[in-house]
Amino acid sequence: MSTNLLRLILLFITLSITSSLSTPSPADSPPYLWPLPAEFSFGNETLSVDPTVTLIVAGNGGGSLIIRAAFDRYMGIIFKHASGRGSLLSRIRFLKMVEYDITSLKIVVHSDSEELQLGVDESYTLMVSKKNEQSIVGAATIEANTVYGALRGLETFSQLCAFDYITKSVQIYKAPWYIQDKPRFGYRGLLIDTSRHYLPIDVIKQIIESMSFAKLNVLHWHIVDEQSFPLETPTYPNLWKGAYSRWERYTVEDASEIVRFAKMRGINVMAEVDVPGHAESWGTGYPDLWPSLSCREPLDVTKNFTFDVISGILADMRKIFPFELFHLGGDEVNTDCWKNTTHVKEWLQGRNFTTKDAYKYFVLRAQQIAISKNWTPVNWEETFSSFGKDLDPRTVIQNWLVSDICQKAVAKGFRCIFSNQGYWYLDHLDVPWEEVYNTEPLNGIEDPSLQKLVIGGEVCMWGETADTSVVLQTIWPRAAAAAERMWSTREAVSKGNITLTALPRLHYFRCLLNNRGVPAAPVDNFYARRPPLGPGSCYAQ
């Protein structure tokens, strides 16, 4: 065979593979599930799903309102077409006794506890098969220990369901399915920043809803910063004078509704109040928090009033945020102006403190306030790098700067959240999906006992250059790449050529997000959130 002929054959094969990947059918391989389940098997049958599929519940927690609400939500997603659930056509078909393979969805939840905390059991099994001699009723069954595991199973079930435009029915390809699934990490987070740009309540809810599609489970709400203080704080009501405007604010009721909405989707909300830096906006309502008019941050370390305000904020927030973790920031603290402010300089000299000592004093005192309110403190990595041996041993360190900070933190017995800015900061628009996907939180940590101290990871949507107009298409689809890394087994996401094993599924998931109303940007653009460069299928962009 000539070299040129061989090249032509190889080119034809390559083009054929590329074509099949760019225009996927749910009936094709690989299974278009995201994130990839821990264990699964499938067949080659195609099953139809009854648009009047009934919910059957069992177990101590099967009757939960969380389950019923989620079932209704997902049925609306699965049967959203005109011939779907509740439509006239579906009722006519039902009256004509049309035969469907899947007529019920059974959800078994063993525990009646709805407590949502770090490490809650999110495992589930999902079985889908048609009726046969042994079973006269076609069914799908989700079994989980908690309602939150059942939620994850419902998401997977919804991804198995595809609308067929020829038969105008919902079908499940590659049945029978058996899926046994659980997350790799208990903390799988997304940070949003409502200080740099205000995000309306409905946008935050849309972000939370989209998180549930990728099985993320912690919304890190960076509520306030130096630019604005939008949250109502009843104990110190003048604080939200630091908001950009009187319309760009969150009431206590708004924040509580966000927490409730997130819980219904199995998502915790971790609030952050970043001290002592990143807090200039506090002084708009209470100027005494500023060391001076020319030194507006860090906050005044010398005054008890500063810590009274922190205590008041945390007391008010404890009534809103039940999650056990609370973020106290502690990053990027430039203490230079403390040295140039007379009363602060005298205070430092009286205690024989350096400004670094004062920084440590502030962080540790804020930690004890949080701990006194039954919170576990989370701090950015600078606190560990500066005075790690003095931090409360319960502290969770969040990495963002140094690539090996989690290695160092867990070696000292601290828990760690991986968020390295070079890969998992979504406002870095030049980081492509494959770099997000290939980033491994446990790199350099070989001891299994230390690996357990890395509780998970987080992608960060900082808001300096993102507001309502672009926030969702900046988050997605790259956040999904990290979501699979945090959910699926390390072996599954680290083997093979990801252009073949992951990219077709990510294209499909991006289109799934679009179909569910989430404006996820094209996967392959060099810069994130850019629109398509020209006409084409959603599955090839």
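Helix α11 (residues 355–372) has as its buried residues Thr-355, Ala-358, Tyr-359, Phe-362, Val-363, Ala-366, Gln-367, Ile-369, Ala-370 and Ile-371; buried means under 20% relative accessible area, exposed over 50%, and partly exposed in between, with a 1.4 Å probe and protein chains only. The model is predicted, so local features need pLDDT of at least 70 and side-chain atom pairs count only at pLDDT 80 or more, while totals for chains, interfaces and linings use all residues. Residues are numbered from 1 along each chain as its sequence is written, and side-chain values use heavy atoms, without hydrogens and water.

Helices (H or I, at least four residues) and strands (E, at least two) are DSSP runs numbered from the N terminus. The cover over the buried residues of α11 includes α8 (304–318), α10 (342–350) and β13 (376–380). Just after α11, Asn-374 has a positive phi of about 65°.

The largest nonpolar core has 139 residues, of which Ile-207, Trp-282, Phe-321 and Trp-476 touch the most other members. A nonpolar core is a set of buried Ala, Val, Leu, Ile, Met, Phe, Trp, Tyr and Cys residues joined through side-chain atoms within 4.5 Å. Apart from this core lies another, of 10 residues, among them Val-333 and Val-363.

UniProt places the feature "active site" at Glu-332; such annotations, given in the numbering used here with shortened feature names, may be inferred rather than shown by experiment. Glu-332 counts as partly exposed because its relative accessibility is 47%.

Methods:
Expected span 1.5 Å × (residues − 1). Contact = heavy atoms within 4.5 Å.
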